Amino acid sequence: MLRTGIIATKIGNSSYYKDDGTNTHVTVLKVDECVVANIKTSEKDGYNAVQLASIETNQDISKIRKPQRKIFSSIKINPKKILKEFRVDKDNILEIGTKLNADHFKVDQFIDVSSYSIGKGFAGVMKRHNFGGLRASHGVSISHRSHGSTGQNQDPGRVFKGKKMAGRMGNKKVTKQNLKVIEIDNTNNLLIVKGSVPGKKNSIIFLKDSIKKPI
């Protein structure tokens with residue numbers, strides 16, 4: 001059963017203490033009210049999906065592009081920062097204007113979390129790919145942390161795409177699967193999730209039901 005996900009903001013990391021005194025590492029996520037802004041159906045669009053709008057923005061509505069402005073004005077809400085589609089089954093299409101909060105999930109449920117990882121800039125192969133580096137003794141001249149040879153013979157005479165070399169590290173879309181919901185704070189719209197979530201503080205996080213461990 002494919003349900004829609006929701007949009008959240010990463011608040012930070014903490015420790016969660018259980019009644020027996022044991023503690024576990026958790027991530028705190030803030031769910032800003034998600035409003036169903038549009039729906040897609042297989043008859044009209046070729047697939048079933050729910051489009052959510054979330055996270056308030058201070059941007060003037062006159063500076064928002066007309067297609068997005070039309071979406072917000074049609075459902076009479078303030079402009080939102082994020083518009084995100086979630087594929088759903090035909091039976092789980094929601095009505096436009098429906099509002100979703102943290103109680104969309106249940107305690108002890110498993111969820112999949114997606115976001116962009118923290119960018120670490122340009123990094124060498126030892127940091128980026130865990131290379132061992134060259135010898136630290138005689139015969140190596142100021143190239144102890146280099147990646148060594150990358151070329152081939154005359155055939156193919158080029159460097160293959162995807163070869164492990166120095167380059168930009170991080171800032172990629174990462175999905176962590178099967179994270180357990182420890183607690184839900186409906187008053188403050190907070191989700192307490194066991195484990196780490198990709199992204200830095202205040203990152204936009206997309207949450208949906210676990211594929212491998214459904215409800």
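Asn 48 is in contact (heavy atoms within 4.5 Å) with Lys 40, Thr 41, Ser 42, Arg 87, Val 88, Asp 89, Lys 90 and Ile 93, leaving aside its neighbours within four places in sequence. Asn 48 sits in the loop between α1 (42-45) and β4 (49-56). Helices (H or I, at least four residues) and strands (E, at least two) are DSSP runs, numbered from the N terminus. A polar atom of the Asn 48 side chain lies 2.9 Å from the backbone nitrogen of Ser 42. Asn 48 is buried, with a relative accessible area of 15%; buried means under 20%, exposed over 50%, and partly exposed in between (1.4 Å probe, protein chains only).

The model is predicted: local features need pLDDT of at least 70, side-chain atom pairs count only at pLDDT 80 or more, and totals for chains, interfaces and linings use all residues. Residues are numbered from 1 along each chain as its sequence is written, and side-chain values use heavy atoms, with hydrogens and water left out. The mean pLDDT (the predictor's confidence in each residue, from 0 to 100) of the chain is 90. In the chain, 100% of residues reach 70 or more. Confidence is lowest in helix α2 (residues 66-74), at a mean of 78. Strand β8 (residues 121-123) has the highest, at 96.

Strand β3 (residues 34-40) is largely enclosed by the rest of the structure, because 5 of its 7 residues are buried. Strands pair if DSSP finds at least two bridges between them. β3 and β4 pair in the antiparallel sense over 5 bridges. Asn 38 has Gln 51 in β4 as its bridge partner. β3 also runs antiparallel to strand β6 (residues 99-100), joined by 2 bridges. There, Cys 34 is partnered with Leu 100 of β6.

Note on methods. Polar contact = N/O pair within 3.5 Å; in protein donor to acceptor, adjacent residues only side chain to side chain.
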